[in-house]
Structure formats: structure tokens, C-alpha cells
Amino acid sequence: MQIPRPHPPFESGTTVEVRIPSRLGFEKVAMSTAASMARLMGFSEDRVEDLQTAVAEACINAIEFGNRLNRNHTVGVVLSMTPGELEVRVIDKGEGVSRVNSHHDIDRKMRGEEDFRGMGMFLIQALVDEAEWVPRAAGRDAYVRLAIRLDKEIQGVDGN
Amino acid sequence: MVSVLRFSGDISSLSRDAVLGTWHQLPDDAKGRVLLDFSGVDYLNSSGIALVINMLMEARRGAHSVRLFGLRPHFQKMFRLVGITNYTELHPDEASALESFGAA
């Protein structure tokens with residue numbers, strides 16, 4: 001079944017940029033912005049909440065590990081709408097991750113054999129359609145790229 | 001006796017004292033059966049989930065029983081994703097959570 005969508009009040013390629021301080025709690029500003037854009041595109045509330053959590057985790061990692069809570073640095077959040085996809089880039093001043101560690105083992109955590117924290121990457125990968133960590137390179141800051149796609153949305157609603 | 005810890009607002013890395021501190025302040029004889037009430041929680045992130053896992057680990061070591069209720073559907077999803085449901089039960093409301101202790 002094709003799901004009717006509201007007429008999009010934006011042009012393809014619309015981009016919004018937000019800069020948040022490197023202070024925990026400000027990830028909520030990025031969450032709100034991402035939610036507003038996802039709703040404008042017609043994503044369901046379930047998918048909006050998934051994206052919000054993924055954006056929050058990416059921002060927290062950028063604040064804590066990328067910018068190391070340095071108040072002189074901000075975290076950039078660039079949100080781009082395309083006809084079928086909402087992409088979010090979360091940019092910080094760190095080196096970026098050389099190896100994506102999305103491993104999470106609840107049994108090891110419950111036995112005290114693994115740090116309780118460290119679930120951010122795991123959650124990000126579980127909640128969005130695409131997640132990519134790009135290390136810093138010459139002339140370019142490190143970033144994580146998240147994306148949710150409308151075709152996945154229709155599949156999810158139909159239960160396929 | 002069942003003890004109920006009611007959380008509200010945010011559960012994040014900034015909530016360590018509120019979450020674990022409250023748990024640690026419970027006397028041992030009040031830890032046997034504990035309910036965690038999430039119905040007032042607006043925001044929960046991976047650091048907050050880590051605090052809950054920490055609490056569940058300590059409860060397990062002490063042979064205490066902890067159950068959760070009042071989680072929004074999205075938070076239930078997050079808890080299922082990380083596997084917390086392998087170690088505790090999620091209930092929709094306080095009445096059903098209490099009833100589950102009676103049935104245990």
C-alpha cells in the first residue's frame with residue numbers, strides 16, 4: 001500500500017546547519033532540529049524518535065570524545081534533505097574513529113567484564129538506515145554521517 | 001515489601017548520583033523487590049542506559065529483583081535492543097509490575 005505523504009514544503013537539497021557548544025545537554029538542540037526536518041519530510045513518529053536518539057548519541061560522542069568537552073570548540077550538525085533521504089552530519093574537531101567499535105555484549109556488562117558505557121555506536125547503527133564514521137583528513141574535520149530513507153519507512157509501515 | 005524508585009526528567013551521564021545514589025541509599029532490606037518507575041522520564045541516552053545496567057548488575061549480585069515500568073515505547077525499544085530484557089521485565093504500569101512480583 002502506498003502511503004500518502006504531505007506535500008513537502010521544501011526543495012530537494014534543502015540544508016540546515018546548527019552549531020552546538022561542547023557541553024552535554026546541548027545535543028537536545030540537534031535532536032529537535034532533526035525531528036522537525038524528519039516530520040516535514042513525512043517520516044513516522046517511530047522513525048523520528050529513532051533518528052533523534054541516533055543524532056543525540058553522535059553529538060554526545062562528538063562533545064565528549066571528539067572535542068573532549070573543550071568549550072572553545074563547537075559541534076557542527078548539518079542536516080540535508082533529498083527527495084528520498086534525510087542525511088545528518090555531526091562534525092567535531094577530533095581525529096575521528098579509526099575503527100568503528102559498535103560491539104556491545106549485555107552478558108559481559110552484567111558480569112562486570114565490559115565497561116557499562118560504550119553503547120552509542122551500537123544504538124546508532126541499530127536505529128538508522130546508514131551510519132558512516134569518517135576520520136579527519138587534510139582540510140576536513142572528522143564527522144559521522146547518518147541517514148534515514150523514506151523507502152525504508154514505507155516498507156516498515158507495510159510490515160514488509 | 002516492594003520499593004519503588006521514581007525517575008523523572010533526563011537519565012544521562014549527569015544523572016549518576018540521582019540514579020545509582022538513590023539505589024545505594026536503599027537499605028538492604030528494602031532492595032529485595034524494587035520497581036523502577038520511568039513514567040516521568042523524557043530523555044534517556046546510552047549513558048543513562050549504562051546506569052540502569054549498572055544497577056541491575058548490582059541487584060543481581062545481591063540476589064535482588066528489579067523490574068521496570070512506565071517506559072515510553074521508544075525507550076522500551078532501546079532497552080530491548082541492548083538486551084536489558086534478558087535480565088529484567090518491562091511492564092506497562094505499576095499495577096502490572098506489582099502483580100508480576102506476586103506471581104513470582
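**Close-ups of chains A and B**

**View 1. Where the two chains meet.** Here 26 residues of chain A are in contact with 25 residues of chain B (contact means heavy atoms within 4.5 Å). This is a predicted model, in which local features need pLDDT of at least 70 and side-chain atom pairs count only at pLDDT 80 or more, while totals for chains, interfaces and linings use all residues. Residues are numbered from 1 along each chain as its sequence is written, chains are lettered from A and ligands numbered from 1 in the order in which they are written, and side-chain values use heavy atoms, leaving out hydrogens and water. Together the chains bury about 2,200 Å², 64% of it on carbon and sulfur atoms (buried area is the accessible area, with a 1.4 Å probe, that two parts lose on being put together, summed over both). Ile106(A), Met110(A) and Phe116(A) supply 30% of the area that chain A buries against chain B, more than any other three residues.

**View 2. Charged partners across the interface.** The rule finds 3 salt bridges between chain A and chain B (a side-chain nitrogen of Lys or Arg within 4 Å of a carboxyl oxygen of Asp or Glu). Take Arg72(B) and Glu49(A): they form a salt bridge, and their closest N and O atoms are 2.2 Å apart.

**View 3. The largest pocket.** How much space is in there? The volume is about 740 Å³, counted as the space filled by probe spheres set on grid points joined across faces, edges and corners. A pocket is an open set of points on a 1 Å grid over the protein atoms alone, where a 1.4 Å probe fits, with protein on both sides within 12 Å along at least five of seven lines; lining residues have an atom within 4 Å of a point. The lining has 33 residues, and Asn61(A), Phe65(A), Gly66(A), Val97(A) and Met121(A) lie nearest the centre. Helix α2(A) gives the most to this lining, with 8 residues (helices are DSSP runs of H or I, at least four residues, and strands are runs of E, at least two, numbered from the N terminus).

**View 4. The second largest pocket.** This one has a volume of about 190 Å³. Of its 15 lining residues, Met31(A), Gln52(A), Asp42(B), Tyr43(B) and Arg72(B) are the closest to its centre. So which element gives the most to this lining? That's α2(A), with 5 residues.
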